[in-house]
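Hello,

Here is the structure you asked to look through. My notes follow below it.

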Amino acid sequence: MKRENKIKLEKMCSIEKEIQHLESQIQNKIHAYERIISDEDKLNRDLNDVMRDILLNKARKNDAARRSMIRSTIESLKTIFSGVHGRVIDLIQPIQKKYELSVGVLLSRHDQSVIVDNEKTALDCLRYIKETRACKLTFLPLNRVKGIISDDKENSENIKSFGSPEFKDYLARNCIRYAPEYENIIGFIFKNSLIVDSIDLAKHTLYTQKYPGNICTLDGVLFSPAGLITGGKATVNKFEDDIIDQLLVKRKSILDDIKINKDRKEAFSDVSTVKMKIDELKQKKDGIKVENIEISMLSELDAEPYQRELLFLEESLSDFESNQRLIKEAKKQIEKTVFGNLLRTIGLNSLSEYKERIRQDYRRQELLIRIETLKDKINLVNEELTTNAAVSWNDADKKDLNVLENQLNQLYTNLENVKERLKTQNQLLRTFSEKRNQLNNSILSHQLHLARVEEDLKDLIKYAELESNLKIESDSIDPAVEENVTQLKSKLEEINQLISQNTPSFSSSDSSLQTKFSRLNREYEIAKEELLEAKRQFQEIKRRRMDAFSRCFAVISQEISEIYRELTRVETGESEANSYLVYEGDPFANNVKYYLMPPSKRFVPFHELSGGEKSIALLSFIFALSKYRRPPFYIFDEVDSALDKVNVESLSRYIFSSSDQFLVVSLKPQFFSRSESLFGVYRCPADLTSKILSLKLKN
């Protein structure tokens, strides 16, 4: 034990010498290196401060785009309508810089309001904004807005004289400059508001003196007569220039300094390495010190019992080793007795030599198989080389090849020309087909018109024949009337002759037209019936589809909230999460909306969720859908990739409590450690194929 202690002391001395040697190497550089490290820490702190200031200023000015749009819209209104004066914020100015923040707080929602001459201008501006869909603005007509200054002078005087004599100096409207024509607007916006120096003065004025108006301090804290106090955040100074550009320039300067400092630090890379080595040696030295302490503690104990036990154990070990040697010798003798003759016939002395020969034969067979495989590959390569070498081109073959290529190019050109001509012919064919259809429609309409004219002529002929067959008694007819009748009969005969001349052309096609009309009428009736039947079937299918959707939607709506609550539940208690589906009108024409309330959050639509929350929501929908129609099994491919540890635990607990079958691809141990069986795929280097391993975790 003393010897071991001495060895450790010598080792500690060598480590101390090595530490001193390394420290002497970097003695001249260590101070510069430490100064670089200190500068790096300071630059990182400055960078963090600048980034925090940039983020704060961006947060304070997150409505810059909206304000820019409002400004451009107001400029357009001022150009179009002459009665637009501008924004309130542009038409007033604090008399001192210290009032800027307080005036900005008191303006509240009226800082972007627009002052106009009258309500007609305001309505015209609203109509223009509605048509252009620019933005939302509030208009203050000068002839309608009544402020406290003009409407209630007595009340105003009372407020000015409220409290101390200098109290009127605290009125907000006395802290700003504005044109006299805007006096009513200023009185309407600021009313009785005060600007005071401190919070104590504001509290004294509001609570002790019972002031009836708003009070704002110079640092932006607003006290309301109703008891509300607004403040505690970075209030935007609406009169302050943007300082983000200055902060960005400062950030760029700090980043440049960090880069320079990094280059300087790289020049001391050897110092960093030596310091790390020194730290390792110091840790090693401390470990040796601890071991020395343990050794010294052991040396103080009584070593005699342990020595006796050690001697006993050494004797037992020697006896065990001698027994092992005897067993091996006996085993060899038995092998010689049993297998001696057989081993001698094959030229071997022991069974171990036989096993070694079998192993070598097996290895030799493997090598022979690999050699044969390589020979086959070499032969294939040689055959390919031979084939490629056999294909040699002479000058005549090259000329023939060029001629064939030229002919092929010419054929391609002819093919393109033929395609163009075919395209032109197809266009002409389509034109002629359209004209033919137009002519057929025109012929059909003329034929129908001809049939109607023929029917009219037939009726006229029948009527004329009926009139001609009437017999008029001569004794009752006046000679003049008889003469007129004779003339009418002659005219009727002429008309009949004309009709008879034209009748053959109509009668020849009478039967064909009638047949065609009857056929078309039947086809129209059949088509009408088919249309009504198709419409009825469509309505029936639509009704059945809606019924199926309603049944499925009812089941999913009933189950999805409970499933989502189960998937978001932690082991410490119940989950407050909730979800529901809703649709309006026809669900197949409009989307079904999916709203969820994750734990400790408000209700939001599905598209506003994070990646992990969307995964849980979709899984809830899938499990709820399975309540309507149970699937034979599930296949999930890394559905837990976007989930944290808590959600993975909840999902695995839900899946393993289910009686369904799941095939899951996962890389997270807390998920697949509960499974019944594991399957893995690996690449076998021997034959370059994929192999599958399986492991049953549960019976």
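L688 lies in the loop between β15 and β16. Please keep in mind that this is a predicted model.

The phi of L688 is positive, near 55 degrees, and the residue is not a glycine. Most residues other than glycine have a negative phi. The side of L688 open to solvent can also be put in a number: its relative accessible area is 56%, so L688 is exposed.

Strand β15 covers residues 677–684 and pairs with β16 in the antiparallel sense, over eight bridges. Within this pairing, F679 stands opposite S694 of β16. How many of the eight residues of strand β16 are buried? The number is zero, so β16 (residues 689–696) lies largely in the open.

A positive phi also turns up at K210, where the value is about 55 degrees although K210 is not a glycine. K210 sits in the loop between α10 (199–208) and β7 (215–217). Exposed means over 50% relative accessible area, so K210, at 61%, counts as exposed.

The last item is on the surface. A patch of positive charge is formed there by K328, K331, K332, K336 and K355. Which helix gives the most to the positive patch? Helix α13 (residues 304–345) does, with four residues. K328 lies in helix α13, and its relative accessible area of 55% makes K328 exposed.

Regards

Key:
Residues numbered from 1 in each chain as written. Predicted model: local features only at pLDDT ≥ 70, side-chain atom pairs only at ≥ 80, totals over all residues. Heavy atoms only, no water. Buried < 20%, exposed > 50% of the residue type's maximum accessible area, 1.4 Å probe, protein only. Helix = DSSP H or I, 4+ residues; strand = E, 2+ residues; numbered from the N terminus. Pairing = 2+ DSSP bridges. Patch = residues over 30% accessible without salt bridge, like charges linked within 9 Å, V, L, I, M, F, W, Y side chains within 5 Å. Areas by Shrake-Rupley, 256 points an atom, 1.4 Å probe, with all protein chains shown as cover. Salt bridge = Lys/Arg side-chain N within 4 Å of Asp/Glu carboxyl O. Lys, Arg positive; Asp, Glu negative; His and termini not counted. Charge placed at Lys NZ, Arg CZ, Asp CG, Glu CD.
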